[in-house]
Amino acid sequence: MNPKLCAELNDGHHIPVLGFGTYAPEEVPKCVITEATKIAIDAGFHHIDAAYMYQNEEEVGLAIRDKIADGTVKREDIFYTSKLPSTCHRPDLVRVCLEKSLKKLQLDYVDLYLIHFPVPMKPDNNLNPTVENGKLLFDTVDLRDTWEAMEKCKDAGLAKSIGVSNFNRRLLEMILNKPGLKYKPVCNQVECHPYLNQSKLLDYCKSKDIVLVAYGALGTQRYKNWVDENAPYLLEDPILGAMAEKHKKTPALISLRYLLQRGIVVIAKSFNEKRIKENMKVFEFQLPEEDMAVIDSLNKNYRYSTAKITSAHPDYPYSDEY
């Protein structure tokens, strides 16, 4: 990994600041995920972001192993992130779930293991268990107990670093103030883009030496179970378009560059070969301060990822609001 393109984590490990996202809806053939991940590694992506919940770790693992086998990279060159699903928050299930991911991947360890959502759900083969009336089946698990089990995974060498995802300030403080805390979360992965710039949460995380990692950085995923079909298209924003024209870059690159310059680690997701390679060009230019200020003004506190599920399930307790 190029140290110049990495951020230091509070446990001494380093995370590449640009990552490749592997989530895909069910209709995307699994073989596409394998090929896209290979293309990403060939293009220079060494940070691969995945999750047990995505149900494609076999395919992602195959791509990584193939690229190791053909000499493109070594295992230590790859920074692999997986995530604990909400149905495995009970402490006795945390290591079991991580070991399932490692078996699918055929890897000995993950570089980063995250609590995917701060919403415990009843253990079930269905990753989003519901009852007959459509209500989600929540569980009563103290996230501090889940965190202790995550710490044990780090001690066992199954995960080099541990962190959280979709946590707000209150939940982060609950972990940080836990009696007997052994390891702080190294990062908090949340939705973040010019329409949701997370400035307050970013400042808080920086003050605690926690790296903010952005998913949904291009704001365009139209996943039917998560995103309102009437949601605005970030990359069609006229201000971003004008700025892209000014710098002779795409709106996507402007959005990615904006986040990187704020000290945010960014997950970029595309299965299109041209766009995958194009996203690596984010390191070829800088945005001046006046452009950064203009993009700051685009913030609407607009969430693509949870707007639909929270309206469909009013009892859903998740919010990463500051």
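Trainee: Leaving aside its neighbours within four places in sequence, which residues is Ser101 in contact with?
Mentor: This is a predicted model, by the way. In it, Ser101 is in contact with Tyr52, Glu57 and Ser82, once you set aside residues within four places in sequence.

Trainee: Okay, and where is Ser101 found?
Mentor: Look in helix H3.

Trainee: Is Ser101 buried or exposed?
Mentor: Buried, because its relative accessible area is 0%, and the cut-off for buried is under 20%.

Trainee: Which residues sit on which side of S5?
Mentor: Phe79, Thr81 and Lys83 are on one side, with Tyr80, Ser82 and Leu84 on the other. Both faces are covered. As for the pattern, side chains in a regular strand alternate between the two faces of the sheet.

Trainee: What does S5 pair with?
Mentor: One partner is strand S4, residues 47-49, in the parallel sense over 3 bridges. Another is strand S6, residues 110-115, also parallel, over 4 bridges.

Trainee: Which residue in S5 is the bridge partner of His47?
Mentor: Phe79. From S4, the chain crosses through helix H2, residues 57-69, to reach S5, and that β-α-β crossover is right-handed.

Trainee: And what stands opposite Leu84 in S6?
Mentor: Ile115. There's a right-handed β-α-β unit here too, made of S5, helix H3 (residues 91-105) and S6.

Trainee: Switching to helices. Which residues of H5 are buried?
Mentor: Leu171, Leu172, Ile175 and Leu176 are buried in helix H5, which spans residues 169-176. They're on the same side of H5, because they cover an arc of only 140° around the axis.

Trainee: What covers those buried residues of H5?
Mentor: The cover includes helices H4 (143-155) and H6 (199-207), plus strands S7 (159-165) and S8 (187-191).

Trainee: How many residues of H8 are buried?
Mentor: 9 of the 11 in residues 251-261, so helix H8 is largely enclosed by the rest of the structure. Among the buried ones are Ser255, Arg257 and Tyr258.

Trainee: What do the buried residues of H8 pack against?
Mentor: Strands S9 (211-215) and S10 (265-268), along with helices H7 (238-247), H9 and H10 (289-296). After H8 comes Gly263, whose phi is positive, near 85°.

Trainee: What is Leu256 in contact with, leaving aside neighbours within four places in sequence?
Mentor: Ala217, Leu218, Val266, Ala268, Asn279 and Val282.

Trainee: How far apart are Leu256 and Ile162?
Mentor: They're 94 residues apart in sequence, and 24 Å apart in space from C-alpha to C-alpha.

Trainee: Last topic, Glu278. Where does Glu278 lie?
Mentor: In helix H9, residues 273-279.

Trainee: Which side chain of opposite charge is nearest to Glu278?
Mentor: Lys274, at 5.6 Å. Glu278 is buried yet has no salt bridge, and the cut-off for a salt bridge is within 4 Å.

Trainee: So what does Glu278 touch, not counting residues up to four places away in sequence?
Mentor: Thr250 and Leu253. Leu253 is also one of the buried residues of H8.

Methods
Residues numbered from 1 in each chain as written. Predicted model: local features only at pLDDT ≥ 70, side-chain atom pairs only at ≥ 80, totals over all residues. Heavy atoms only, no water. Helix = DSSP H or I, 4+ residues; strand = E, 2+ residues; numbered from the N terminus. Buried < 20%, exposed > 50% of the residue type's maximum accessible area, 1.4 Å probe, protein only. Lys, Arg positive; Asp, Glu negative; His and termini not counted. Contact = heavy atoms within 4.5 Å. Pairing = 2+ DSSP bridges. Right-handed = clockwise from strand over helix to strand, strands pointing away. Arc of directions from axis to C-beta.
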